[in-house]
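Open the model in your viewer and keep the selection panel at hand. The tour goes from one selection to the next.

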Amino acid sequence: MIRSLTILVLFLFPVMTSAIQQEIIPEQQKWSFSGITGYYDKEQLRRGLQIHEAKCRACHSIKYLSFKSLTLPGGPELTRTEAEAIAKSYQYSVVQDDGQITERDGTLYDTFVSPYLNEQEASYLNNGSYPIDLSYIVRARSYNRGFPQFLLDAFLPYTEQGADYIFSLLTGYLTNNPGMNENRYYPGQKINMPKPLADGDIHWKSSINIPETEEQYARDVTAFLAWVADPNLAERKKQGCYVLGYLSIMLCLSLALLKTK
């Protein structure tokens, strides 16, 4: 039995290694929200929101994020006035009593809607590709971390693969040709989305001494999308630390009671 397993491993290892080598594995990035004590950087989230409004909203929606969420603790923590200003920049269709369709400004209780009337229009204007919703994009994307790292992940889970992948995708363009672009991290290296970021594209509204580079833009908007996908992450980790502390104390007390018997 052991001999058969050994032969199987020796047979599969070159195949696994070859498959992994064919993929370009994104580099592991350092994120403030990584690890058991991770948290979201409020200023980074604000910059990421600014990038989204300048670059992403023209094609993508975030249909599960309300504008009011931007004011809540743990996120960008905008003031109510700032969040309302962003909401009012979006338009929503309303059917009047006479059946006519008109538009209204957004409110805090609306969400980041798609700029297109429907999926057909979105696909038509984007060479047949429908721009995906970004609500959970960071959690929906991942990559193979390679051998032996994927074995270690079974014991020490790494949950930032999605953020690493999105960051690498945004900075991984090789060419920017009309109709089809090359990206080293996209499957097949052909992607319909044009290169969205470039150095100097955006000037920060409030941050100082922060580079205005493609890499920084990609890092900040990725952090923002990570928060969108999991806005309660920091609070959940905090509660987890409390639970672990409580269990550790109970374990010590239990051991002490056992020794006294």
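How much space lies in the largest cavity? About 60 Å³. Bear in mind that this is a predicted model.

**Stop 1: the cavity**

A search of the whole structure finds one cavity of 30 Å³ or more. Select its lining: Phe 33, Tyr 40, Val 138, Arg 139, Thr 159, Glu 160, Gly 162, Ala 163, Ala 226 and Leu 233. Now colour these residues by class. Six are nonpolar, two are polar and two are charged. Next, show the helices as cartoons. Helix 5, residues 137-140, gives at least two residues to this lining, and helix 7 also gives at least two.

**Stop 2: the largest pocket**

Move on to the open space. The largest pocket holds about 800 Å³. Centre the view on His 60, Pro 131, Ile 132, Ile 191 and Met 193, the lining residues that lie nearest the pocket's centre. Which elements give two or more residues to it? Select helix 2 (42-56), helix 7 (161-171), strand 7 (190-191) and helix 8 (214-229). Helix 7 supplies the largest share, with four residues. Colour by class again. The lining splits into 21 nonpolar residues, nine polar and four charged.

**Stop 3: helix 2 against helix 8**

Keep helix 2 and helix 8 and hide the rest. At what angle do helix 2 and helix 8 pack? The angle is about 100°, and the axes lie 7 Å apart. Angles of 65 to 115 degrees count as roughly perpendicular, so helix 2 is roughly perpendicular to helix 8. Now show side chains at the contact. From helix 2, pick Gln 44, Leu 45, Arg 47, Gly 48, Leu 49, Ile 51, His 52 and Cys 56. From helix 8, pick Gln 216, Tyr 217, Arg 219, Asp 220, Val 221, Ala 223, Phe 224 and Trp 227. Taken together, the residues of this contact are nine nonpolar, four polar and three charged.

**Stop 4**

Three strands make an open sheet in the order 5-6-7, with antiparallel pairing. Strand 5 (173-175) and strand 7 are the edge strands, as each pairs on one side only. Zoom in on strand 6, residues 181-183. Strand 6 pairs with strand 7 over two bridges, in the antiparallel sense. Which residue of strand 7 stands opposite Glu 182? Select Lys 190. Strands of a sheet pair through them, either parallel or antiparallel.

**Stop 5: the hairpin**

Start with Gln 91, whose bridge partner in strand 3 is Asp 105. Then go to Val 95, which has Ile 101 as its bridge partner in strand 3. How many residues lie between strand 2 and strand 3 in the hairpin? Five. Finish on Gly 99 in the turn, where phi is positive, at about 90°.

Methods:
Residues are numbered from 1 along each chain as its sequence is written. This is a predicted model: local features need pLDDT of at least 70, side-chain atom pairs count only at pLDDT 80 or more; totals for chains, interfaces and linings use all residues. Side-chain values use heavy atoms; hydrogens and water are left out. On a 1 Å grid over the protein atoms alone, a cavity is a set of points where a 1.4 Å probe fits but cannot get out, and a pocket is an open set with protein on both sides within 12 Å along at least five of seven lines; lining residues have an atom within 4 Å of a point. Grid points are joined across faces, edges and corners, and a volume is the space filled by probe spheres set on the points. Ala, Val, Leu, Ile, Met, Phe, Trp, Tyr, Cys and Pro count as nonpolar, Asp, Glu, Lys and Arg as charged, and the others, Gly among them, as polar. Axes are lines fitted to C-alpha atoms, for helices over the stretch in contact, and angles run from 0 to 180 degrees between N-to-C directions. Angles under 35 degrees count as roughly parallel, over 145 as roughly antiparallel, 65 to 115 as roughly perpendicular and the rest as oblique. Contact means heavy atoms within 4.5 Å. Two strands pair if DSSP finds at least two bridges between them.
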